[in-house]
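Colleague: I am new to this structure and would be grateful for a close look at one part of it. Please let the account be connected, so that each detail leads to the next.

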Amino acid sequence: EDVTASQYVISGVSKMTSPDAAEYKEINGMSAKSTITGDITTKMKVNKKTGWIEESVANLNLKGSISFKPTDKMPKGMTIPMNVSAKTTLSGN
């Protein structure tokens, strides 16, 4: 993204998607599937001389749901919507 006198500034976006979203798997005796997608955006400042990361900030935003098949205890099944947001900041001296 940028080059300063002492740093390389690197940024990027990662796309996340749940694998096999249509496939049900066993969780605690119930069949469930998850459909989750989103992005992780990252910006790093790397020291030009040492190659060490001086600062890194990552923002994660995911949305989706987990769906359970109907059972005797849950005759209509259930879908649970999910939103996950997180920010991770790393810094070095």
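How many salt bridges does the count come to, and which residues form a salt bridge with Lys43, with Asp39 and with Lys45?

Modeller: The model is a predicted one, and the count comes to 3 salt bridges.

The protein chain has 6 strands and 0 helices, and its elements run β-β-β-β-β-β from the N terminus. Its radius of gyration is 20 Å, well over the 12 Å given by the globule rule for 93 residues, so the chain is more spread out than a compact globule. Along the principal axes, the C-alpha atoms fill a box of roughly 65 × 20 × 15 Å. Of the 93 residues, 20% count as buried. The chain exposes about 7000 Å², of which carbon and sulfur atoms supply 55%. Among contacts with a separation of 6 or more, 52% come from residues 24 or more positions apart.

The part to examine is strand S4, which covers residues 30-47. Strand S2 (residues 7-17) runs antiparallel to S4 and is joined to it by 11 bridges. Within this pairing, Tyr8 stands opposite Val46. Strand S3 (residues 25-27) also pairs with S4 in the antiparallel sense, over 3 bridges, and here Ile27 stands opposite Met30. Strand S5 (residues 53-68) pairs with S4 in the antiparallel sense as well, over 15 bridges. In that pairing, Asp39 stands opposite Asn61.

Two hairpins involve S4. S3 and S4 form a hairpin with 2 residues between them. Asn28, in the loop between S3 and S4, has a phi near 50°, a positive value in a residue other than glycine. Most residues other than glycine have a negative phi. Asn28 counts as exposed, because its relative accessibility is 77% and the cut-off for that class is over 50%. S4 and S5 form the other hairpin, with 5 residues between them, and Gly51 in its turn has a positive phi of about 80°.

Side chains of opposite charge can pair when their charged atoms come close.

Lys43 forms a salt bridge with Glu1, with the closest N and O atoms 3.3 Å apart. Lys43 lies in S4 and Glu1 in the segment before strand S1 (2-3), so this pair ties together parts that are 42 residues apart in sequence. Lys43 is partly exposed, at a relative accessible area of 38%, whereas Glu1 counts as exposed at 63%.

Asp39 forms a salt bridge with Lys15, and their closest N and O atoms are 3.2 Å apart. This pair links distant parts of the chain, with Asp39 in S4 and Lys15 in S2, 24 residues apart. Asp39 counts as partly exposed at 29% relative accessibility, while Lys15 is exposed, with a relative accessible area of 67%.

Lys45 forms a salt bridge with Glu55, the closest N and O atoms lying 3.6 Å apart. Because Lys45 lies in S4 and Glu55 in S5, the pair ties together parts that are 10 residues apart in sequence. Lys45 is partly exposed, at 29% relative accessible area, and Glu55 is partly exposed at 31%.

Ser56 lies in strand S5 and counts as buried, because its relative accessibility is 9% and the cut-off is under 20%. Apart from neighbours within four places in sequence, Ser56 is in contact with Thr42, Lys43, Met44, Thr88, Thr89 and Leu90.

Leaving aside neighbours within four places in sequence, Ser18 is in contact with Ser34, Thr35 and Ile36.

Tyr8, the residue opposite Val46, has its place in strand S2 and counts as partly exposed at 37% relative accessibility. Together with Val3 and Ile10, Tyr8 makes a nonpolar surface patch of about 270 Å².

Note on methods. Residues numbered from 1 in each chain as written. Predicted model: local features only at pLDDT ≥ 70, side-chain atom pairs only at ≥ 80, totals over all residues. Heavy atoms only, no water. Pairing = 2+ DSSP bridges. Helix = DSSP H or I, 4+ residues; strand = E, 2+ residues; numbered from the N terminus. Buried < 20%, exposed > 50% of the residue type's maximum accessible area, 1.4 Å probe, protein only. Contact = heavy atoms within 4.5 Å. Patch = residues over 30% accessible without salt bridge, like charges linked within 9 Å, V, L, I, M, F, W, Y side chains within 5 Å. Areas by Shrake-Rupley, 256 points an atom, 1.4 Å probe, with all protein chains shown as cover. Salt bridge = Lys/Arg side-chain N within 4 Å of Asp/Glu carboxyl O. Rg over C-alpha atoms; globule rule 2.2 N^0.38 Å.
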